[in-house]
Amino acid sequence: MRLPPGFRFHPTDEELVVQYLKRKVLCCPLPAAVIPVFDLCKSDPWDLPGDKEQERYFFSTREAKYANGNRSSRGTASGYWKATGIDKQIGSCRGGGGVVGMKKTLVFYHGKAPRGARTDWIMHEYRLANAPINHKDDWVLCRIFLKKRAGAKKNEGEETNKTTTNPIFYNFMERERADLNLAPASSSSSGSSGITVVSAFNRTVDEHEEESSSCCNSSVKRKPY
């Protein structure tokens with residue numbers, strides 16, 4: 001990218017096809033030297049030149065996978081690019097409209113086909129709708145970027161909330177006076193650990209109150225004259 005400071009390269013689909021790809025095919029001067037020529041099949045998407053966090057643009061030529069076929073060879077050292085969906089037509093807003101190019105969306109798979117693992121690397125491949133007959137190379141313009149998952153942080157927050165437990169408060173002061181001398185609940189009753197702890201604590205408090213009261217009563221007895 002050779003742009004002055006403050007400028008950003010964010011072209012539309014039509015600008016990529018008409019102003020860059022078509023000029024490249026016809027060997028005409030480009031508006032700016034911002035798109036390099038690179039063989040995308042020789043490198044994995046994370047090893048391509050440029051900033052991985054930004055969209056990257058490349059001119060490349062398509063190589064036939066088979067000698068008598070129209071399928072392109074899209075394999076790399078660690079995986080392959082697989083087309084998804086249908087090609088999108090790119091129309092022109094000038095000169096009465098019309099289709100000027102086609103856009104194909106591809107996803108990078110890590111491993112060998114057809115059992116590769118899908119990744120978040122996306123490629124938009126642009127080609128001319130009506131390429132000149134006498135051009136030598138089958139030029140395409142590719143936009144490559146890493147798809148960012150919008151719900152990643154949200155899911156992390158949800159998992160954190162699931163693992164967080166709310167504190168449980170026991171009110172040890174609420175007890176019926178008639179049940180103070182009852183025996184502890186048997187195993188047949190629906191006794192949870194919280195209820196058991198409350199009962200044991202209540203009995204301990206009661207015994208301490210009784211001992212304190214007996215000590216106080218013995219200390220206030222009047223001695224005989």
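Predicted model: local features only at pLDDT ≥ 70, side-chain atom pairs only at ≥ 80, totals over all residues.

Student: What kind of bond is a disulfide?

Tutor: A disulfide links the sulfur atoms of two cysteines covalently. The cut-off here is 2.5 Å between the sulfur atoms. Cys28 likewise has its closest cysteine sulfur in Cys27, at 7.4 Å, so a bond is ruled out by distance. Across the whole structure, the search finds zero disulfides.

Student: Is Cys27 buried or exposed?

Tutor: Cys27 is exposed, with 70% relative accessible area. Cys28, at 35% relative accessibility, counts as partly exposed.

Student: Which helix does Cys27 follow?

Tutor: Cys27 follows α1, and its phi is positive, near 60°.

Student: How should I read the helix itself?

Tutor: An α-helix has 3.6 residues a turn, so residues three or four places apart point the same way. In α1, residues 13–25, the buried residues include Leu16, Val17, Tyr20 and Leu21. The buried residues of α1 pack against β1, β2, β3, β4 and β5.

Student: What is the order of the strands in the sheet?

Tutor: The sheet is open, and its five strands follow the order β1-β5-β4-β3-β2 with antiparallel pairing. At the edges are β1 (56–61) and β2 (79–91), each pairing on one side only. On average, neighbouring strands are turned by 25° against each other, direction ignored.

Student: How many bridges join β1 to β5?

Tutor: Six bridges join these antiparallel strands, β5 being residues 139–146. Phe58 stands opposite Cys142 in β5.

Definitions and conventions. Residues numbered from 1 in each chain as written. Heavy atoms only, no water. Pairing = 2+ DSSP bridges. Helix = DSSP H or I, 4+ residues; strand = E, 2+ residues; numbered from the N terminus. Axes fitted to C-alpha atoms, helices over the stretch in contact; angles between N-to-C directions. Buried < 20%, exposed > 50% of the residue type's maximum accessible area, 1.4 Å probe, protein only. Contact = heavy atoms within 4.5 Å.
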